[in-house]
Amino acid sequence: MEIDKAIRECDDRRLKTKYNNAIYVIKRALALYSIEEVALSFNGGKDSTVLFHLLRAGYYLHESEKCHSNGDLGYGEIPFPIRTIYFESSSAFPEINSFTYEIAAMYNLQMDIIRLDFKSGLESLLKANPIKAIFLGVRIGDPTAVGQEQFSPSSPGWPPFMRVNPILDWSYRDVWAFLLTCKVQYCSLYDQGYTSIGSIHDTVPNELLCVNDSTNSGEKFRPAYLLQDGRLERAGRAKKYSSSASAKLHTLSNGLKSENLHRKSMLTASIIAVGDEILFGTVEDNLGSSLCKKLHSIGWAVSHLAVTRNDVDSVAEEVERRKSTNDMVFIYGGVGPLHSDVTVAGVAKAFGVRLAPDEEFEEYLRRIIGGKCTGDKNEMAQLPEGITELLHHEQLEVPLIKCHNVIILNATNVTELDEQWDCLIKLTKSQGLLELAEPFVSKCLETTLFDVEVAQPLSKLCLQFPDIYIGGYRESRHGHLVIRFEGKASIVARDMILVMEFAFNASSFGVYAGSIAGRSSCRSVVQEFPSRCVL
């Protein structure tokens with residue numbers, strides 16, 4: 001059989017191991033279920049193409065063993081009888097449809113074309129046929145892979161069947177090694193720079209494969225198998241941020257109802273520090289305030305800054321609370337191999353997934369740590385299953401970990417945070433990791449007036465200028481009152497003059513206006529981010 005022969009004759013030891021493990025899963029499934037009770041879900045993508053040819057080889061080997069034959073039976077003597085399911089969609093690429101029908105004709109597949117959604121289509125199919133197990137091309141890292149094993153019963157609420165995942169532990173590199181080694185046909189879109197194919201509405205060629213061609217006005221892309229970092233496989237999928245404003249805490253409301261303000265689209269982030277040493281007062285956390293400034297510099301509002309214990313449940317509860325009400329959550333501390341390093345486990349629990357070995361991360365760690373990083377004992381290579389994306393940059397000593405909208409930083413001081421933030425911004429510009437918005441700026445005034453003297457004028461200013469956050473604080477009990485104005489750069493530049501005019505023209509603001517103008521009881525400032533400005 002040509003697939004089995006190609007793998008046996010290749011020099012790729014890793015691919016041989018992956019192949020043997022996948023064939024074992026397939027042969028095990030064929031021993032548990034009859035041919036009439038199994039089916040293949042095929043979607044025309046690279047993963048299902050690999051699975052199809054693995055099934056061909058697995059079925060051939062299964063039948064060979066049944067016949068107790070030591071010779072090559074020849075594939076022509078064993079047709080492929082496994083029912084194949086294809087969910088045809090109006091949003092699928094035409095190339096995907098063409099490739100699927102071409103494969104069906106080439107291998108004489110018994111194919112069921114279903115034009116319903118996946119769940120409804122399965123319900124109809126299973127009612128009409130005695131199918132008990134379905135082979136799926138799911139890999140760890142896929143959104144649907146969360147919590148799955150090589151044999152996993154369908155989820156509650158779905159029609160009952162066994163999900164069989166022979167390539168669950170395959171990487172992007174493994175998939176392409178198989179396709180190229182076996183020299184099998186795959187969808188033409190992969191030669192046009194597509195690395196992960198969804199629908200026509202959410203998939204574009206991977207920009208990392210773009211080739212600059214001065215002789216041609218159109219963009220050109222290299223084939224998908226030339227993508228160097230498989231972790232960036234889904235970089236061609238459109239990224240969308242949560243728009244459920246009703247659940248978010250939108251900052252800078254000055255006590256007003258946020259639905260009355262245009263800032264419903266404000267990007268918000270929460271920051272979580274993990275460390276008993278911070279709560280014990282042993283060390284001072286400087287990363288939180290630094291990260292707040294960095295987020296403000298790219299237009300993100302920070303809705304919450306918390307410190308939690310080195311406890312899995314405490315971390316999980318805090319992440320669970322924040323990830324659903326913010327566009328992004330940044331968490332640091334508690335990352336490493338020690339018993340107190342529970343951050344990654346806490347994030348996994350917050351998303352309801354287990355920790356599983358990540359081969360690519362383990363290989364990366366092995367290059368850094370060498371012989372100290374060994375096999376299953378390497379706890380640092382255990383990452384949240386099915387939701388982890390490694391953020392790798394050449395200037396990062398260790399890649400950062402992203403789980404949906406949670407980014408795990410491994411910085412231990414401000415200098416390291418500066419380096420990691422610079423890499424995140426570079427990744428943002430090349431891959432769209434974060435959305436860059438208009439930055440916030442801050443302006444401050446100091447006054448010797450008492451709080452009771454400025455309370456009412458400040459309240460009126462807040463009502464008159466809701467797009468600017470206006471607050472006050474004292475650095476010491478008897479020190480000057482610092483009045484802070486903060487907002488998006490263009491709004492502050494536009495409204496601060498109006499704030500001054502409003503203060504001078506309102507009779508009730510007489511005392512305070514004199515303060516702002518720099519008269520006897522006030523001295524002006526002091527501070528602005530990102531550029532310096534004195535009122």
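**Notebook: helix α8 and its surroundings**

Entry 1. I began with helix α8 and noted that its buried residues pack against β9 (268–274), β10 (301–308), β11 (328–332), β16 (406–409) and α12 (414–431). Packing is judged here by contact, meaning heavy atoms within 4.5 Å. Helices (H or I, at least four residues) and strands (E, at least two) are DSSP runs, numbered from the N terminus. I recorded that this is a predicted model, in which local features need pLDDT of at least 70 and side-chain atom pairs count only at pLDDT 80 or more, while totals for chains, interfaces and linings use all residues. I also recorded that residues are numbered from 1 along each chain as its sequence is written, and that side-chain values use heavy atoms, with hydrogens and water left out.

I then asked which residues of α8 (287–297) are buried. They are Leu287, Gly288, Ser290, Leu291, Cys292, Lys294 and Leu295. Buried means under 20% relative accessible area, exposed over 50%, and partly exposed in between (1.4 Å probe, protein chains only). Just after α8, I found Gly299 with a positive phi of about 85°.

Entry 2. I looked up the chain as a whole. Its secondary structure comes to 15 helices and 20 strands. Of the 535 residues, 52% are buried. Among contacts with a separation of 6 or more, 72% join residues 24 or more positions apart.

Entry 3. I turned to the nonpolar cores. A nonpolar core is a set of buried Ala, Val, Leu, Ile, Met, Phe, Trp, Tyr and Cys residues joined through side-chain atoms within 4.5 Å. The largest one has 60 residues, and Tyr19, Leu54, Phe135, Trp170 and Phe178 have the most contacts inside it. Two or more of its residues come from each of α1 (2–9), α2 (13–32), β1 (38–41), α3 (46–66), α4 (94–106), β4 (133–135), β6 (162–164) and α6 (172–182). Which element gives the most to this core? I found that α3 does, with nine residues.

I followed Leu54 further. Leaving aside residues up to four places away in sequence, Leu54 touches Tyr19, Ala22, Ile23, Ile26, Ile167, Trp170 and Phe178. A second, separate core has 29 residues, including Leu291, Leu400, Leu409 and Trp421.

Entry 4. I checked two buried residues. Asn165 lies in the loop between β6 and α6.

Ile114 lies in strand β3 (111–114). With a relative accessible area of 9%, Ile114 is buried. Ile114 touches Ile85, Tyr86, Phe87, Glu88, Gly121 and Leu125, again not counting residues up to four places away in sequence.

Entry 5. I looked up positive phi values outside glycine. Asn108 has a phi of about 55° and lies in the loop between α4 and β3. Asn108 is exposed, with a relative accessible area of 66%. His404 has a phi near 55° and is found in the loop between β15 and β16. His404 is partly exposed, at 42% relative accessible area.

Entry 6. I examined the second largest pocket. On a 1 Å grid over the protein atoms alone, a pocket is an open set of points where a 1.4 Å probe fits, with protein on both sides within 12 Å along at least five of seven lines; lining residues have an atom within 4 Å of a point. The lining has 29 residues, of which Val335, Gly336, Met380, Val398 and Asn410 lie nearest the centre. Elements giving two or more residues to the lining are α10 (343–350), β13 (382–384), β15 (400–403) and α12.

Entry 7. The pLDDT, the predictor's confidence in each residue from 0 to 100, averages 81 over the chain, and 81% of the residues score at least 70. It stays under 50 over residues 504–535, for which the model has 62 contacts beyond four places in sequence. Over residues 373–377 pLDDT also stays under 50, with eight such contacts. Where pLDDT is low, the predicted coordinates should not be read in detail.
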